[in-house]
Amino acid sequence: MGREAELKRNLSLSEITLVGIGNILGAGIYVLMGKAAGLAGNMVWASFLFAGFTASLSALSYMELSSMYPRAGAEYEFARRAFGERTGLFVGLLVIYYVAITASAVALGFGRYFSNIFGSGILIGAISLFIVLSLVMVYGIKESARLAILMTFIELSGLLIIIYVGIPYLGTVNYFEAPNLSGIFEASALIIFAFLGFEDIVRLSQETKDAEKTTPKALLIAIFFTVLLYICVSIAAVSVLDFRVLGISDIPLAEVAAVAFGKKAFVLLSWIALFSTMNTVLVVMLGGSRIIYGMADSGSLPKVLARVHPKLKTPWTAIFGIACFSSLFVFFGDIATVANIANFMIFIVFFIVNISLIKLRYTDPERRRPFRIPVSIGRFPLFPALGALSAFFLFSQISKEVMLYGFFLAGISALLVLLKTRKRKEELLTV
């Protein structure tokens, strides 16, 4: 099963958009809503708005770059084109870390819900999820996308229930009450995790029909829809329950629903959260396997990871590779801590993606851009500059403990980059 087979372009605009929405509407909102409310108070809606604004700015850069280079490598490809192989490889490794840590944490959350419903072990549920989803992904991108779309509608129903529950309570609290101003931005730094997933639309571009035009449209629709939905959910949640109660809850949205539906809401929301966590792991691993495939295809990772199944047309070795790597982090710990470590990685990635777009406006101005970010001063695009600054600002809101974990993993990535590039130079010298 060699490299000569190519990925098959199966995904339409509606399918890739719903896959992206499904990943954005993942476990983050179900788990982190309470902790965000504890930090930002009734102004948690503003935290979602700022986090969504930051994600949107970076999404604009993803749109233009993906229209220029519709490749599976995504962030790796963008940084490599702008700053060379070393930076591209470093960014790619950060994304792989982010994918693996996120997938393992959410899989552990799945295991907890699975254990509560069926009574089996948490670890058994998490590992079983990796195995089952790996087989689905290898079987076909179309089948994986359809499963993700089905679960997207299930998890969307849970958020709509929260909005419905909150309607009678609208206007009963002061929506500008917050413990302090800094808490709003601390909450934004945390809940950016709830917006991550739009970049997986880009990572699936080599399996998307007419990717140069379809991918930017899908990104725009997915981001706009989720920002609006999250703001509605956050307003409804603090209207029903005091933000201090939400702040100490492990199942905040279930407690909100319980106000209207009683104990049955816990069972209902547990099932919805089960599908939500499953969907997050599925789409995160889909995107992660494609960036591994793209990097291996370019020679930055072992070529064995670029193998495509001759019949199924899926990158089977990359899929099993990301599943195995993700399973190593399954004992990592609390999902809020893990979310912030993932955010640490993605803030660096967003910063580099934005400045990559700025640099390429000068170094590759003639390249065809089916989507071009508006508002520039000469060749200098303003929105990517704001995207880079906002990513840096949220990065500064991360705790010292998370910084320690993040810099340790980033340091390992930098070391691997140096070893890889040195080995390549030695190989060239011996030729």
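**Close-up 1. T317 lies in helix α14, which spans residues 316–327.** Helices here are DSSP runs of H or I with at least four residues, numbered from the N terminus. The structure is a predicted model, in which local features need pLDDT of at least 70, side-chain atom pairs count only at pLDDT 80 or more, and totals for chains, interfaces and linings use all residues. Residues are numbered from 1 along each chain as its sequence is written, and side-chain values use heavy atoms, with hydrogens and water left out. T317 has a relative accessible area of 10% and is therefore buried (under 20% relative accessible area, with a 1.4 Å probe and protein chains only). Residues up to four places away in sequence aside, T317 touches V304, L305, A306 and R307 (contact means heavy atoms within 4.5 Å).

**Close-up 2. N354 is a buried residue of helix α15, residues 335–363.** The relative accessible area of N354 is 0%. Its side chain reaches the backbone oxygen of F350 at 2.8 Å. Beyond neighbours within four places in sequence, N354 is in contact with L57, S58 and S61, and also with P384, G387 and A388.

**Close-up 3. Helix α5 (residues 85–118) crosses helix α6 (residues 122–139) at roughly 125°.** The two axes come within 7 Å; axes are lines fitted to C-alpha atoms, for helices over the stretch in contact, and angles run from 0 to 180 degrees between N-to-C directions. On the α5 side, the residues A103, S104, A107, L108, F110, G111, R112, F114 and S115 meet I122, G125, A126, L129 and F130 of α6. By class, this contact has nine nonpolar, four polar and one charged residues (Ala, Val, Leu, Ile, Met, Phe, Trp, Tyr, Cys and Pro count as nonpolar, Asp, Glu, Lys and Arg as charged, and the others, Gly among them, as polar).

**Close-up 4. Helix α7 (residues 141–166) crosses helix α13 (residues 264–297) at roughly 140°.** The axes of α7 and α13 come within 9 Å, and the angle makes α7 oblique to α13. Residues of α7 in the contact include I141, L147, M151, E155 and I161, and those of α13 include L268, F275, N279, L282 and R290. The residues of this contact divide into 13 nonpolar, six polar and two charged.

Conventions: Helices (H or I, at least four residues) and strands (E, at least two) are DSSP runs, numbered from the N terminus. Buried means under 20% relative accessible area, exposed over 50%, partly exposed in between (1.4 Å probe, protein chains only). A polar contact is a pair of N or O atoms within 3.5 Å; within protein, one must be able to donate a hydrogen and the other to accept it, and residues adjacent in sequence count only if both atoms are side-chain atoms. Angles under 35 degrees count as roughly parallel, over 145 as roughly antiparallel, 65 to 115 as roughly perpendicular and the rest as oblique.
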